[in-house]
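Hello,

Here is the structure I promised to pass on. Please open it first, then read my notes below.

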Amino acid sequence: MITLGIETSCDETSIAVVRDDAVILSNIILSQIIHKGFGGVVPELASREHLKSIIPVYEQALAIAGITKEDIDLVAATFGPGLVGALLVGLNFGRGLAFGNDIPFIAVNHLEGHMAANILANKDLPQKYLTLIISGGHTSLVLVDGFGHYKILGQTKDDAVGEAYDKIAKVLGLGYPGGAEIDRLAKTGNRDYFHFPRGIMREDSYNFSYSGLKTAVALHIKGLSEKELVNHTADIAASFQEAAVEVLVNKTVRAADEFGVMAVTLSGGVASNSRLKELMNKRLLGMGVKFYFPPPELCTDNGAMIAVAGYLRYKLDGPSLMPINAVPNLRLTSS
Ligand code: KG4
Ligand code: ZN
């Protein structure tokens, strides 16, 4: 089955062609650079950029896959969570295409999409595993028992981990989005330069909190002279990162032990983080638990993960009934 996956929930216009849940024929990802000067995504600009790009991205996705629109069996598009105007561009384009071609349409939860990137990337993924969904908007620890069967163990009570990365990158003058930049800079810094608060919450809770860490780092930076800041930018990045990832690793490892899972996966933009992968790998190896993560192009927002989640949802539930609306605050629920 050939699925066209469409993703426009934030600032990536992405369309992919995927065979079943296994083979990527094309995965075009256009990251909007217009937001860079604003230090964050400007929703109205995001919608307009999606409108400009969606048809060229679609045409490129078909050309690279070597197919025509008649070859598409199913159209999948993200319907939430995300920016409402941005979501509507991809959703309406996908619905129109499916209607015009007389083929089924499936609306996809962006978070289920991020998780599905692991199915695409790791053919030996077992049925039961634990996944951390970590992105600019989400921090959730989820126990998975086959596609579509989830138990939400914990989530952030305030800021998402990616949001904290972006905020700290901004105060360090590293531009937006800054997660990858902090990751890169931290490699040259001293992780023990400063011990920032870990935001552990209750010991037995799997929930997360990042606003305290974000504020502590911002206050620390405020107290430095310009010269001190220049001298310690990499150290602050490394110390912040250590605090941010330590909590993710500790809670995931504890849950893996409590629920007796044999595999852990990372999903979402922050899943590209090198220090997180290093620490998680070390801890899980010691427990005999397998560790999986998608390659960077499947961690960031992309159409291929939406195609796979759409294909698997369609097999479970059949097509989405039209009309379906965008749901900006859509959640992943236990099911
Ligand atoms: O999943 P994603 O592309 O979009 C959302 O659904 O939010 O995630 C984007 C987030 C941004 O906050 C970005 O700074 C962060 O992922 N990110 C990283 C890294 N690469 C991207 N954070 C830490 N380390 C990275 N290497
Ligand atoms: Zn995302």
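This is a predicted model: local features need pLDDT of at least 70, side-chain atom pairs count only at pLDDT 80 or more; totals for chains, interfaces and linings use all residues.

His110 sits in helix α3 (residues 110-121). Asp301 sits in the loop between α9 (296-299) and α10 (303-317). The pair therefore ties together parts that are 191 residues apart in sequence. His110 and Asp301 are both buried.

Next, the sheet. It is open, has 5 strands and runs in the order β8-β7-β6-β9-β10, with mixed pairing. Which strands form its edges? They are β8 (150-155) and β10 (290-292), and each of them pairs on one side only. From one strand to the next, the twist averages 20°.

Look at β9 (residues 263-267) in particular. On one side, 3 bridges join β9 to β10, and the two run parallel. Ala263 has Lys290 as its bridge partner in β10. Strand β6 (residues 128-134) is also joined to β9, by 4 bridges, and this pair runs parallel as well.

Is β9 enclosed or open to the outside? Of its 5 residues, 5 are buried, so the strand is largely enclosed by the rest of the structure. Both of its faces are covered. Ala263, Thr265 and Ser267 are buried on one side, and Val264 and Leu266 are buried on the other.

Now the salt bridges. With 4 Å as the limit between nitrogen and oxygen, the count is 12.

- Lys52 and Glu49 meet through their side chains at 2.9 Å, N to O. They are 3 residues apart in helix α1 (residues 43-65), so about one helical turn separates them. Lys52 counts as exposed, because its relative accessibility is 60%. Glu49 counts as buried, at 16%.
- Arg313 pairs with Asp317, and their closest N and O atoms are 2.8 Å apart. Both lie in helix α10, 4 residues apart, which means about one helical turn between them. Arg313 is buried at 18% relative accessibility. Asp317 is exposed at 52%.
- Arg275 and Glu278 form a salt bridge at 2.9 Å, N to O. They are 3 residues apart in helix α8 (residues 274-287), again about one helical turn. Arg275 is buried, with a relative accessible area of 9%. Glu278 is partly exposed, at 39%.

What about links between salt bridges? Those that share partners join Arg191, Glu242, Arg275 and Glu278 into one network.

Last, helix α7 (residues 226-259). How far apart are its end C-alpha atoms? They are 48 Å apart. At 1.5 Å a residue, its 34 residues should span 50 Å, so the two values agree. The helix also has a kink of about 60°, centred on His232. Just after α7 comes Gly260, which takes a positive phi of about 60°.

Then follow β9, where both faces are covered.

Best wishes

How values were computed: Residues are numbered from 1 along each chain as its sequence is written. Chains are lettered from A and ligands numbered from 1 in the order in which they are written. Side-chain values use heavy atoms; hydrogens and water are left out. Buried means under 20% relative accessible area, exposed over 50%, partly exposed in between (1.4 Å probe, protein chains only). The expected span of a helix is 1.5 Å times one less than its number of residues. The bend at a residue is the angle between axes fitted to the seven residues ending there and the seven starting there. Two strands pair if DSSP finds at least two bridges between them. Axes are lines fitted to C-alpha atoms, for helices over the stretch in contact, and angles run from 0 to 180 degrees between N-to-C directions.
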